[in-house]
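Please have the viewer open while you read.

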Amino acid sequence: MAETSDTRTPAQIEADIKRRREVLAETLDEIGVRVHPKTIVGDAKAKVAANVDHTLGRAYVQVNRVVSDVKAQFVDEEGAPRLDRVVPVALVAVGVVGLLVLSGTRRRRS
């Protein structure tokens with residue numbers, strides 16, 4: 001059971017009430033800032049930006065990994081090109097470009 005007798009003076013009680021009011025006012029100001037539409041929008045934008053940064057970082061790592069794997073297919077340990085793999089790929093690329101050019105000129109003639 002709580003004690004009903006208070007040994008504080010009226011001045012001390014008034015000081016406690018004043019301090020509590022100041023704390024409550026500060027808390028209400030903070031709540032007002034947190035629920036303000038601009039704050040909510042700003043927080044949402046910050047979360048989206050963080051998620052985009054995280055996703056882009058993961059994508060960058062994946063792309064780097066793929067590029068390294070592809071490079072390893074065409075370059076030996078010393079950094080010299082592996083001609084046994086580069087030449088066939090280059091021939092296929094030239095063939096595809098040639099076919100695209102030929103098909104483009106045939107369409108224009110028609």
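1. First, a term for what follows: helices (H or I, at least four residues) and strands (E, at least two) are DSSP runs, numbered from the N terminus. With that in hand, Glu 30 and Arg 34 sit 4 residues apart in helix 1, which means that about one helical turn separates them.

2. A word on provenance. This is a predicted model, in which local features need pLDDT of at least 70 and side-chain atom pairs count only at pLDDT 80 or more, while totals for chains, interfaces and linings use all residues. Residues are numbered from 1 along each chain as its sequence is written, and side-chain values use heavy atoms, with hydrogens and water left out.

3. Overall make-up. The protein has 3 helices and 0 strands, and its elements follow the order α-α-α from the N terminus.

4. Overall dimensions. The radius of gyration of the protein is 36 Å, whereas a compact globule of 110 residues would have one near 13 Å. That radius is taken over C-alpha atoms, and the globule rule is 2.2 Å times the number of residues to the power 0.38. Along its principal axes, the C-alpha trace spans about 100 × 50 × 25 Å.

5. Burial and surface. How much of the protein is buried? Buried residues make up 0% of its 110 residues, where buried means under 20% relative accessible area, exposed over 50%, and partly exposed in between (1.4 Å probe, protein chains only). The accessible surface comes to about 10300 Å², and 63% of this belongs to carbon and sulfur atoms. These areas come from the Shrake-Rupley method with a 1.4 Å probe; for residues, only the protein chains shown count as cover.

6. Charges. The protein carries 18 positive and 15 negative charges, and their mean positions are 16 Å apart. Lys and Arg count as positive and Asp and Glu as negative, with His and the chain ends not counted; the place of a charge is NZ of Lys, CZ of Arg, CG of Asp or CD of Glu.

7. Helix 1. The 25 residues of helix 1 reach 36 Å from the first C-alpha to the last, close to the 36 Å expected at 1.5 Å a residue; the expected span is 1.5 Å times one less than the number of residues. Helix 1 is hardly covered, with a count of 0 buried residues. Glu 26 has its place in this helix (residues 10–34) and is exposed, at a relative accessible area of 58%. From the C-alpha of Glu 26 to that of Ile 40, 14 residues apart along the chain, the separation is 19 Å.

8. Salt bridges. How many salt bridges does a search of the whole structure find? The search finds 3, each being a side-chain nitrogen of Lys or Arg within 4 Å of a carboxyl oxygen of Asp or Glu. In one of them, Glu 30 meets Arg 34 at 2.6 Å, N to O. Glu 30 is partly exposed at 40% relative accessibility, while Arg 34 is exposed, with a relative accessible area of 55%. Elsewhere, salt bridges that share partners join Arg 8, Asp 16 and Arg 19 into one network.

9. The closest N and O atoms of Arg 8 and Asp 16 are 2.2 Å apart, and Arg 8 counts as partly exposed at 36% relative accessibility. Arg 19 pairs with Asp 16 at 2.7 Å, N to O; both lie in helix 1, 3 residues apart, about one turn of the helix.

10. Lys 38 lies in helix 2 (residues 37–74) and counts as exposed at 68% relative accessibility. Its C-alpha is separated by 54 Å from that of Val 75, 37 residues apart along the chain. Pro 81 is in the loop between helix 2 and helix 3 (83–109), and is exposed at 52% relative accessibility. Pro 81 and Lys 71, 10 residues apart in sequence, are 9.4 Å apart in space, C-alpha to C-alpha.
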